[in-house]
Amino acid sequence: MRLFRSPLHRHLPLLGAALSLSAATSPTGTSAAAAAAAHQANNFTRWNISGAAARKKAAFVSDSPALPGFNKTTPPPRRTSSSNPIRVSSMKRAPSPPAAFTSSIKRSFGLSSATSLTMSTKNVAANTKSDNTKSKKAMTPPLYNFRNSFSHSWIQHLSPEDPENYEKSLTRGGSGRGGGGHPGRPVFNGHYVSVRPTPLKNPTLVIHSPEVLSELGFQKEEALSEPFVKYFSGDVDGAFSASSSSSSGVEEKSSKEEKEIETWATPYALSIMGKRYTNNCPYGTGDGYGDGRAVSVGEIVVPHDNDDDDDDNKKKYPHHAARYELQLKGAGQTPFCRGADGRAVLRSSIREFLASEAMHHLGISTTRALSLIVSESPGGNTSTRPWYSEGNKARGIPSMDDPRLAKYDVKQRKEILSQLAVQAKSDPDMLVEEKCAITTRVASSFVRIGHLDLFARRVDMLQMKDDNKSSQDNVKETQQYQELEDMMWHACYREYYVDAYEPYWEEKDAKSAAVALMEGAMTRISDMIGGWIRVGFVQGNFNADNCLVGGRTMDYGPFGFLDVYHPLSAKWTGSGEHFGFMNQPNAGYANFAVLVESLLPIIDANGGDSGEVRDEMLKKAQSVFSDAVDTAMRAKMGLDGSGSSEMDEEADELWGEIEPLLRIARGDWTLFWRQLTYVAAKFSPTETSGKDKSGSPSSDFYDSMVEMLLGESDTNPFYDALTDENRASLRDWIEKWHKALTKRYSYASELSKDVPPPEERMRLANPKYTLREWMLVEAYSKADSGKSPGNPFSVSGDYSGVHDLFELCKDPYSEGSAEHHKKYYRRAPDESLRAGGIAFMS
């Protein structure tokens with residue numbers, strides 16, 4: 001693997017000494033921060049792979065089917081749990097003959113035969129196909145199709161905690177038998193617990209995504225209905241009471257015919273940078289960690305839009321109909337809430353909603369956001385959170401003239417101070433009362449690496465017990481192993497159906513399925529991280545429990561899009577070195593290693609060589625993760641696509657040469673690359689302007705490129721003025737870059753006449769707009785005016801800023817409106833680069 005080495009590594013001994021300066025200038029006066037910063041710098045130079053590939057449009061829909069096939073199998077029955085379970089074929093699907101298809105649909109989607117016949121009769125009675133469709137839509141009450149599409153594979157495939165362990169957990173938790181105490185308790189086995197969300201008071205819809213609404217099969221009017229707002233604010237039972245009362249002429253179904261509303265939360269484990277932790281759990285065992293405030297409120301299967309209303313269920317529910325899971329984030333306490341209130345506040349919910357949709361439109365795999373609902377005042381729910389006062393700024397760092405830096409030259413001083421600036425974060429200094437809100441997030445699944453990690457740990461613990469020799473010899477017969485293998489099969493079913501489930505399920509080839517799962521996750525997770533690097537995104541808390549096996553960005557908590565570039569940039573005060581911007585490939589690789597370790601018990605139990613599989617997978621993953629980042633950086637320079645290996649190496653060297661300048665002169669990640677895109681368009685290799693008669697560039701050709709790159713006052717991509725030396729370096733670099741761009745384009749043009757100009761590829765690699773924190777702060781501050789002590793809540797927030805950013809996020813690669821260009825295409829305001837809650841947060 002090619003390691004990224006910056007000039008910083010030459011000064012590490014000096015840097016370690018100079019970092020002691022931070023102790024003298026920090027409010028706490030401690031030297032721990034200095035030591036941590038030195039260690040972070042060392043880690044950066046040790047393994048900070050450069051670049052990433054991910055210009056693919058992220059697929060929102062996984063390749064898992066609604067049903068495995070009409071003449072193949074039906075969804076598996078739920079496996080019952082007991083203290084001494086008997087192995088059952090929990091994933092077995094019996095063939096469904098066409099004659100029995102109606103009953104199969106009923107079992108799978110909650111449709112009754114009577115319902116299907118009633119709909120068919122209505123269709124026959126209508127005069128035309130158009131009238132049929134309009135009539136049926138007009139007479140369908142809100143959430144009717146949504147409920148009929150329920151297909152809870154997590155419940156059907158996997159196990160609840162068994163009664164004996166539930167009773168045991170009550171003696172350890174805080175709630176007893178519903179006596180009003182805290183609901184937190186350990187969950188010793190099973191893949192889920194049944195949990196009802198806690199409804200918000202006075203719920204009000206702030207915003208929804210019409211695109212996601214349509215993907216899920218809702219009609220656009222449903223989002224504005226009372227049942228919709230009730231359901232997605234946590235009142236899942238009251239929503240259907242509201243729906244029934246507003247059904248206006250639709251024949252009510254009996255309770256037996258209605259699909260059961262099932263809601264659940266799941267346990268999982270925490271691993272950070274490959275190390276497994278249990279001390280985060282109140283019980284010290286890891287049995288209390290999981291969905292602390294997220295509750296799944298349904299899995300649905302959406303039929304394809306079918307013009308032929310001929311009751312052909314085979315067309316309505318094809319093999320690859322889309323499956324989605326919906327979760328409410330901030331839905332109240334669960335057994336895994338570990339002492340917290342289970343709520344999300346409006347500020348964080350706005351960030352979650354907008355970031356989810358922004359990432360999708362940036363072309364990076366992500367969970368989506370259906371809706372954002374606030375508990376509006378008066379009478380709404382509020383929560384108290386620690387936050388930052390207006391005067392809470394980043395800790396001071398030494399100036400260039402500090403006598404303790406006298407022995408270093410100017411360039412070395414700047415490197416030291418830029419490193420210290422990354423660490424100059426502070427904690428919140430006040431408590432604020434904020435409105436509560438719920439974001440509904442959507443994905444084909446929320447299977448985390450942490451899910452597999454948890455059940456693998458339980459297998460490992462069982463095998464380590466000296467007094468349990470029988471379990472070591474017959475691990476496949478134990479409940480712990482059964483739960484791990486079931487979780488593996490379910491992950492394959494939901495995320496890698498074609499590659500990891502379908503080829504191996506009938507033969508119960510768990511070993512091959514596990515290997516295929518590793519291969520798929522390796523590709524998707526590395527592509528996702530490559531996309532993060534490309535657009536300047538820092539996840540901030542990229543533990544294994546925040547890493548989906550499907551390679552989908554999730555958990556938009558302490559995230560941030562870059563303003564000032566630094567390889568260790570991160571918004572969260574707890575991100576440390578390991579979750580810094582350019583160390584995210586390290587974190588992703590570490591998470592993938594946890595996935596591999598979690599699947600090794602399955603390899604061993606099925607006759608495989610776990611050591612060989614581990615070594616092969618981790619060695620391959622090093623190259624895959626490194627290549628993904630390298631490819632992204634080449635794309636940002638327009639040096640991707642057809643080219644020789646020598647051209648790829650040249651591109652990698654160009655990134656290595658410009659990186660120190662971006663770091664020392666504090667380059668703006670978004671502006672620099674977008675301005676370079678404009679340079680590529682103005683001085684395109686497809687044009688001959690600017691060249692003399694011999695075809696060589698004229699003397700001022702590259703100087704003009706530099707001037708264009710530096711832009712106007714607000715779009716100059718450097719926060720620090722360039723020294724003469726830095727400007728000369730930039731001019732030399734841009735000449736090398738443009739020559740490489742021209743050479744690559746000529747090479748590709750000889751292979752094909754349909755090669756797009758490099759500026760077009762660069763435009764699609766370098767967004768003009770990303771969701772920067774200073775933009776978000778303006779939007780959520782208008783939405784909730786009560787974020788400072790003594791300031792009463794407004795009766796209704798001003799959500800215009802939220803809607804404006806949502807529109808901006810939908811087309812991040814275009815030029816946008818004149819208003820958006822003026823307001824958002826600019827460097828971050830200087831004051832925002834040090835302000836608590838903007839430059840950093842807890």
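This tour moves through the structure selection by selection, from the whole chain to single residues.

The model is predicted: local features need pLDDT of at least 70 and side-chain atom pairs count only at pLDDT 80 or more, while totals for chains, interfaces and linings use all residues. Residues are numbered from 1 along each chain as its sequence is written, and side-chain values use heavy atoms, with hydrogens and water left out.

**Whole protein.** The protein has 30 helices and 13 strands; helices (H or I, at least four residues) and strands (E, at least two) are DSSP runs, numbered from the N terminus. Of its 842 residues, 59% count as buried, where buried means under 20% relative accessible area, exposed over 50%, and partly exposed in between (1.4 Å probe, protein chains only). The accessible surface comes to about 32400 Å², and 51% of that belongs to carbon and sulfur atoms; such areas come from the Shrake-Rupley method with a 1.4 Å probe, and for residues only the protein chains shown count as cover. Among contacts (heavy atoms within 4.5 Å) with a separation of 6 or more, 80% are between residues 24 or more positions apart.

**Threonine 367.** Select this residue in the loop between α14 (346-361) and β9 (368-375). Threonine 367 counts as buried, with 0% relative accessibility. Leaving aside residues up to four places away in sequence, the residues that threonine 367 touches include Ser356, Phe446, Arg552 and Tyr556.

**Proline 378.** Continue to the loop between β9 and β10 (382-387), where proline 378 lies. A cis peptide bond joins serine 377 to proline 378, with omega about 0°.

**Aspartate 555 and lysine 329.** Now select the salt bridge between aspartate 555 and lysine 329, whose closest N and O atoms are 3.2 Å apart. The pair ties together parts that are 226 residues apart in sequence, because aspartate 555 lies in the loop between β12 (537-538) and β13 (560-561) and lysine 329 in strand β7 (residues 322-329). A salt bridge here is a side-chain nitrogen of Lys or Arg within 4 Å of a carboxyl oxygen of Asp or Glu, and by this rule the count comes to 46. Aspartate 555 is buried at 15% relative accessible area, and lysine 329 is buried at 8%. Check the backbone of aspartate 555 as well: its phi is positive, about 60°, although the residue is not a glycine.

**Leucine 143.** A positive phi of about 70° is found at leucine 143, which is not a glycine either. Leucine 143 sits in the loop between α6 (129-139) and α7 (144-148) and is buried, with a relative accessible area of 0%.

**Further salt bridges.** Select arginine 731 and aspartate 703, whose side chains meet in a salt bridge (3.3 Å, N to O). Arginine 731 belongs to helix α26 (residues 724-751) and aspartate 703 to helix α25 (residues 701-710), so the pair ties together parts that are 28 residues apart in sequence. Then display Arg276, Asp453, Arg457 and Asp460, which are linked in a network of salt bridges.

**Negative patch.** Finish on the surface with Asp604, Asp609, Glu612, Asp615 and Glu616, which gather in a patch of negative charge. Patches are made of residues with over 30% relative accessible area and no salt bridge: like charges are joined within 9 Å, nonpolar side chains (Val, Leu, Ile, Met, Phe, Trp, Tyr) within 5 Å. Helix α22 (residues 610-636) gives the most to the negative patch, with three residues; glutamate 616 is found in this helix.

Notes:
Lys, Arg positive; Asp, Glu negative; His and termini not counted. Charge placed at Lys NZ, Arg CZ, Asp CG, Glu CD.
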